[in-house]
Amino acid sequence: MKSSVVQMRAASTIVTDRLSRVFSERLVKYYFVVPAIFYLLLIGIVPLVFSFGLSFLHWDVAAHRPLRFAGLANYAELIRDERFWRTFFNTILFVIGAVTLEVIFGFALALLLNRDIKGQGLFRVLLLLPMMATPVAVGYTWRMLYHITNGPINHLLGVLGLPKGTWLSSGKTALMSVIITDVWQWTPFVFIVLLAGLQSLPREPFEAAVVDGASRLQTFFYLTLPMVSPILIIVILLRMVEAIKVFDIIFVMTGGGPGISTESATMYAKLVSLTQFRLGYGAAIAYMLLILSMMVFMVLTRVLPTEAETT
């Protein structure tokens with residue numbers, strides 16, 4: 001009996017020693033990040049790997065055909081798919097137009113409010129309001145504003161004696177109208193980030209420029225722009241990443257029409273995947289968009305000046 005008690009105590013001591021080693025102070029801090037890593041893998045990496053594998057399969061759910069290996073057939077079909085390239089071209093036009101205008105207007109507003117102006121806090125709140133609305137609500141609002149017969153924009157143009165616009169009804173103006181809506185909503189994001197960047201700049205170089213008699217344009221091009229460029233580049237890349245995924249505003253305002261004049265690549269991927277239920281081909285569209293986007297961003301990061309080059 002006594003020997004069994006001794007053996008139990010020895011076993012308990014061994015277990016305690018092993019637990020103390022496993023949960024030592026050096027290792028326990030890593031255990032706290034395990035749930036976060038598991039969560040990221042679950043919602044990020046696993047779907048990414050699954051959809052990548054799916055892009056090499058034929059999985060036509062609507063036709064009730066069996067799942068079979070396709071190799072590169074989906075990608076070969078995609079290269080010949082004129083509609084995909086048209087939607088990708090629409091996406092590129094949307095990104096270039098929207099991001100360019102947002103940066104110009106956002107930077108101008110940031111420069112304007114980076115001064116001692118009465119009611120500056122009120123202006124900031126008012127300018128941030130569009131960003132707080134959901135893209136679906138913004139899309140419905142602007143669709144009513146653009147309405148040909150009952151929209152207030154055409155009513156105002158009629159009062160001023162100007163011709164009424166077709167806005168969302170014409171393939172020539174629909175994409176531009178959607179771009180205007182996106183610019184209205186996301187210019188405040190560019191504005192608030194650049195305003196924070198401007199207010200963090202040191203005052204000494206600007207005071208020295210005033211003493212040296214530099215004009216406002218010289219101060220802007222030789223001091224303000226180079227010093228705020230790292231933040232400006234980050235803002236441009238962030239907005240491009242978001243703009244290239246555009247879906248909700250276009251879906252609500254035009255549904256991709258007239259025809260496919262405003263259809264984005266993400267809308268086409270949704271159409272193929274969730275309307276035609278060609279899941280393998282839809283995954284191939286999504287990955288092709290990802291590859292092309294990465295190529296564009298790699299080119300941009302090489303073309304745009306780095307922080308070391310701007311300082």
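Tutor: Helices here are DSSP runs of H or I with at least four residues, strands are E runs of at least two, and both are numbered from the N terminus. This is a predicted model, where local features need pLDDT of at least 70 and side-chain atom pairs pLDDT 80 or more, while totals for chains, interfaces and linings use all residues. Residues are numbered from 1 along each chain, and side-chain values use heavy atoms, without hydrogens or water.

Student: Which helix gives the largest share of the nonpolar patch?
Tutor: A patch joins nonpolar side chains within 5 Å, or like charges within 9 Å, from residues with over 30% relative accessible area (Shrake-Rupley, 1.4 Å probe) and no salt bridge. A salt bridge puts a Lys or Arg side-chain nitrogen within 4 Å of an Asp or Glu carboxyl oxygen. This patch covers about 1100 Å² and includes Tyr 30, Ile 37 and Met 294. At least two residues come from each of α2 (25-31), α3 (34-54) and α14 (279-303), and the largest share, 6 residues, is from α3.

Student: Is Ile 37 buried, partly exposed or exposed?
Tutor: Ile 37 sits in helix α3. Buried means under 20% relative accessible area, exposed over 50%, and partly exposed in between. Ile 37 has 46%, so it counts as partly exposed.

Student: What omega goes with the cis peptide bond at Pro 258?
Tutor: Most peptide bonds are trans. Pro 258 lies in the loop between α12 (248-253) and α13 (265-275). The bond from Gly 257 to Pro 258 is cis, with omega near -5°.

Student: Where is Trp 167, and what is its phi?
Tutor: Most residues other than glycine have a negative phi. Trp 167 is in the loop between α8 (152-159) and α9 (174-199). It counts as buried because its relative accessibility is 16%. Trp 167 is not a glycine, yet its phi is positive, about 45°.

Note on methods:
Buried < 20%, exposed > 50% of the residue type's maximum accessible area, 1.4 Å probe, protein only.
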